[in-house]
Amino acid sequence: MVKARKYVVKKYFDGVPKRDDFEIEEYELPPLKDGEILIKAEWVSVDPYLRAYNRFNKIPYDQFSFQVGKVEESKDPNYPVGTKVVTHKGWCDYCIVNPSLPTAPGQSIYKMPDMQGLPESLAVGAIGMPGVTAYFGFLEICKPKPGETVVVTGAAGAVGSLVGQIAKIKGCKVIGFAGSDDKVQWLEQDLGFDKAFNYKTVNVTEALKQAAPNGVDCYFDNVGGEISSQILGQMNVLGRISVCGSISSYNEDPAQMPKATVVQPAMVFKQLKMEGFLVWRWDGRWPEAFAQLTDWIKSGKMKAREHISEGFENLYDAFVGMLAGKNFGKAVIKI
Ligand code: NAP
């Protein structure tokens, strides 16, 4: 019998999630049935969408997220013992999966891509869901051209730090906004952003007028709210906005959402195109992004920094730390 632990969400979050919104349950896993595999978690991800999706789930629910695990027992010949897999089983140390059962989009198990010697934790980061988000969410929606000016918010995070680097690879000028001077320095000095700003201390409109005197062609929006309205005000005619997330609102009460400057005049007079997306849109094409991202990282064109915490019992702290901006790059936990 295998003893397993999992985090169960017992309450709807009110503001920043609290420790006692979660309960760690210990239980014994049953013996495997035909077609099932037993997975031991090795790397577990914490992401902003865990906060955003809370209100759409019926409590209690098991805290989902992506994890890299290793098959420890198997009754599915396609997944022999030792196979590394990526699942959406989230904050648990052991789980049982039947890989042949149908799942909702994004929740199916898949074999870890060939990491070509790169750290396996990247399979929930730059060579995982956040990497695919940056790759397709930016390239397919912004359709950047060489020489264009690209702005990224949440620029020092998992998705944003990759978007900025993809934009540089595509020959664009890149301006990032992040929440500390250390992050600004990292973006400019290590990741090759042309300019970065601490959104907590600058006037965003003035900063952009200075750094992008010819206007902004593409905006990759991780944050939403007033900063996004201000950036939209600096866009060029026929500019493209990819709306990836709105982390500035996730801890807010939906009934009391902060108001932001009206963007419709900029949208109309600059003939802007704004499109939201979910990464599941490119479900069948994830391997294409994995291959390109792996190439870029291996060739040194892209850096995939991680913010690693250790220990199953530290998942909650890592989660709220990420929401508060402690992470440079992808927040991930070694189990
Ligand atoms: P991340 O950027 O690695 O981590 C979250 C970051 O958000 C923090 O490091 C913090 O950095 C920033 N932040 C927190 N509160 C903020 C606020 N009030 N205003 C501005 N920034 C704030 O997370 P990620 O995984 O890369 O996700 C980034 C965004 O992409 C999120 O909005 C997420 O929901 C979205 N996303 C969407 C999809 C999709 O399919 N559409 C998929 C993945 C992710 P600072 O220090 O800079 O504040």
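1. A residue is called buried under 20% relative accessible area, exposed over 50%, and partly exposed in between (1.4 Å probe, protein chains only). Arg281 counts as partly exposed at 44% relative accessibility.

2. The model is a predicted one, in which local features need pLDDT of at least 70, side-chain atom pairs count only at pLDDT 80 or more, and totals for chains, interfaces and linings use all residues. Residues are numbered from 1 along each chain as its sequence is written, and side-chain values use heavy atoms, with hydrogens and water left out.

3. A salt bridge requires a side-chain nitrogen of Lys or Arg within 4 Å of a carboxyl oxygen of Asp or Glu. Arg281 forms one with Glu275 (2.8 Å, N to O); Glu275 is partly exposed, at 25% relative accessible area.

4. The count of salt bridges comes to 17. Among them, Lys84 pairs with Glu42 (3.0 Å, N to O). Lys84 lies in strand β6 (residues 84-87) and Glu42 in strand β3 (residues 37-45), so this pair ties together parts that are 42 residues apart in sequence. Such strands are DSSP runs (E, at least two residues), while helices are runs of H or I of at least four, both numbered from the N terminus.

5. Lys145 also forms a salt bridge, with Glu148, their closest N and O atoms being 3.7 Å apart. Lys145 is partly exposed, at 46% relative accessible area, whereas Glu148 is buried, at 11%.

6. Arg5, Asp93 and Glu313 are linked in a network of salt bridges.
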